[in-house]
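Subject: Structure for you to look at

Hello,

Here is the structure I said I would pass on. Please open it and keep it beside you while you read my notes below.

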Amino acid sequence: MDLNIVSLKTKRQLCKLEGISKSATIATVKELFEKKNPRYYQSRQSFRLNPKAKSLKDSDIVATMNLDVDNTLYFKDLGPQIAWATVFLLEYAGPLVLYLVFYFRFPFIYGDEFTFKPSSEWVVRVAALCHSFHYVKRLFETKFIHRFSHGTMPIRNLFKNSSYYWTFGALISYFINHPKYTVASYGESQIMLGLGIFVFCELGNFSIHYYFRNLRPAGTTRRQIPKASTNPFTWLFSFVSCPNYTYEVGIWIGFAIMTQTAVALLFAICGCLQMTQWALGKHRNYRREFSDYPRSRKAIVPFLL
Ligand SMILES: NC(=O)c1ccc[n+]([C@@H]2O[C@H](COP(=O)([O-])OP(=O)(O)OC[C@H]3O[C@@H](n4cnc5c(N)ncnc54)[C@H](OP(=O)(O)O)[C@@H]3O)[C@@H](O)[C@H]2O)c1
C-alpha cells in the first residue's frame with residue numbers, strides 16, 4: 001500500500017510512502033517519514049486521518065484505518081521536543097531554590113540588617129520545610145515514581161510551566177519571609193490546622209502517584225480504570241477520577257491557612273482552576289475509553305464537579 005502524506009497546515013503533499021505492509025503501525029510510518037525528512041524526528045510528528053481528527057496512536061495499525069480513496073494521512077509538526085522528565089525537573093527545581101533564597105534573606109532583598117538572618121517565627125521555619133519537602137517530593141516522584149506514557153512535550157511548555165512555578169515560588173517566599181510578616185490571626189490553632197491539612201494531603205497525593213505507578217506495568221503505556229485499594233488514601237477514587245489533583249489543591253489550601261498569605265491562597269486558586277480543567281478532560285476521556293467506567297464518579301470534587 002502507498003500512503004500520501006499531506007501537510008495539515010498547507011494541505012500540500014509532502015511525500016509518498018510506498019510499499020507499506022498490512023501490519024504497519026503509525027510508529028512504522030513515523031520511522032519511514034523520518035528517513036525522508038530527517039528534520040522531523042519521531043516524537044515531533046503527529047498523524048491524523050483528517051485535519052479535524054485526533055492524533056493517531058503509535059500502536060494504531062494502518063490497514064485497519066478508514067483511509068480515504070487516496071490513502072491520505074495528515075502530518076502536523078509538533079515543534080521541537082524536550083523530555084517530560086527534564087521539563088518537570090526544571091519546573092520544580094526553580095521554586096525549591098528560589099524559596100530558600102528568600103528564606104535565608106540573601107543580600108539586596110530586605111536590606112542589609114536582615115541579610116542571612118532568617119525570621120525567628122517558628123511558622124516561617126515550618127513553612128520553608130513544607131515548601132521544600134513538597135518540591136523535593138515532586139522531584140523524587142518525577143525521577144522514580146511516575147511512568148509517563150509520552151516521552152516528550154513541546155519545548156515551549158518548558159517556559160510556560162517554569163515561569164508559573166518559579167514566579168509563584170518566589171512571590172510566596174518573598175511575603176512569608178518578609179521582616180514585616182505577621183503570623184496567622186488565630187495563632188497556633190490555625191497554624192496546626194493548616195499544617196495538618198498539608199501533611200494529610202501530601203500523604204494522599206503521594207499515595208495516588210504510587211498507586212498509578214503500580215497500575216501501569218513497567219515499560220508500557222497501558223491505562224486502566226483506577227479503583228480504591230487497601231490504602232485508605234486511594235478510597236477517594238470511589239468519588240473522583242483525579243484524587244491526586246484533589247489532594248494537591250488541599251496541600252496549597254493547607255499551606256495558605258498555615259501561613260495566612262494572600263499570594264499562597266492565589267496559588268491554590270490558580271492551581272485549582274488549572275487542575276479542574278485537566279480533571280474534567282481526563283474524566284471525559286475515562287468515560288469515552290471505558291464503557292464500564294463508574295457513572296457516579298465526578299472529576300475532582302466529590303459529588304459536585
Ligand atoms: N500545583 C499545581 O498547579 C499543579 C498542577 C498540575 C499538577 N500538579 C501536580 O503534579 C502531579 C502530576 O500531574 P499530572 O498532570 O502529570 O498527573 P496525572 O496525569 O494524573 O499523571 C500522573 C502519572 O500517572 C499516570 N497515570 C495517570 N492515570 C493513569 C491510568 N489511568 N493508568 C495508568 N497510569 C496513569 C500518568 O501517565 P501519563 O503519562 O499517561 O499521563 C503519569 O505518569 C499532580 O498529581 C499534582 O500533584 C500540580
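The buried residues of helix H4 are covered by, among others, helix H2 (84-103), helix H3 (122-145), H6 and H7. Keep in mind that this is a predicted model. The residues of H4 that are buried are Tyr165, Phe168, Gly169, Ile172, Ser173 and Ile176. H4 itself has 21 residues, and 31 Å separate its first C-alpha from its last, close to the 30 Å expected at 1.5 Å a residue.

As background, residues three or four places apart in an α-helix point the same way, because the helix has 3.6 residues a turn.

Next is helix H7 (residues 262-289). How far apart are its end C-alpha atoms? They are 40 Å apart, which agrees with the 40 Å that 28 residues should span at 1.5 Å a residue. In H7, the buried residues are Ala264, Phe267, Ala268, Cys272 and Ala279. They pack against helix H4 (156-176) and helix H6 (243-259).

Now the strands. Strand E4 (residues 72-77) pairs with strand E1 (residues 3-7) through 4 bridges, and the two run parallel. Within this pair, serine 7 is placed opposite phenylalanine 75 of E4. E4 also pairs with strand E3 (residues 45-48), here in the antiparallel sense and over 4 bridges. On that side, serine 46 is opposite lysine 76 of E4.

Regards

Conventions:
Residues numbered from 1 in each chain as written. Predicted model: local features only at pLDDT ≥ 70, side-chain atom pairs only at ≥ 80, totals over all residues. Pairing = 2+ DSSP bridges. Expected span 1.5 Å × (residues − 1). Buried ≥ 20, exposed ≤ 12 C-beta atoms within 10 Å, placed from the backbone. Contact = placed C-beta atoms within 7 Å.
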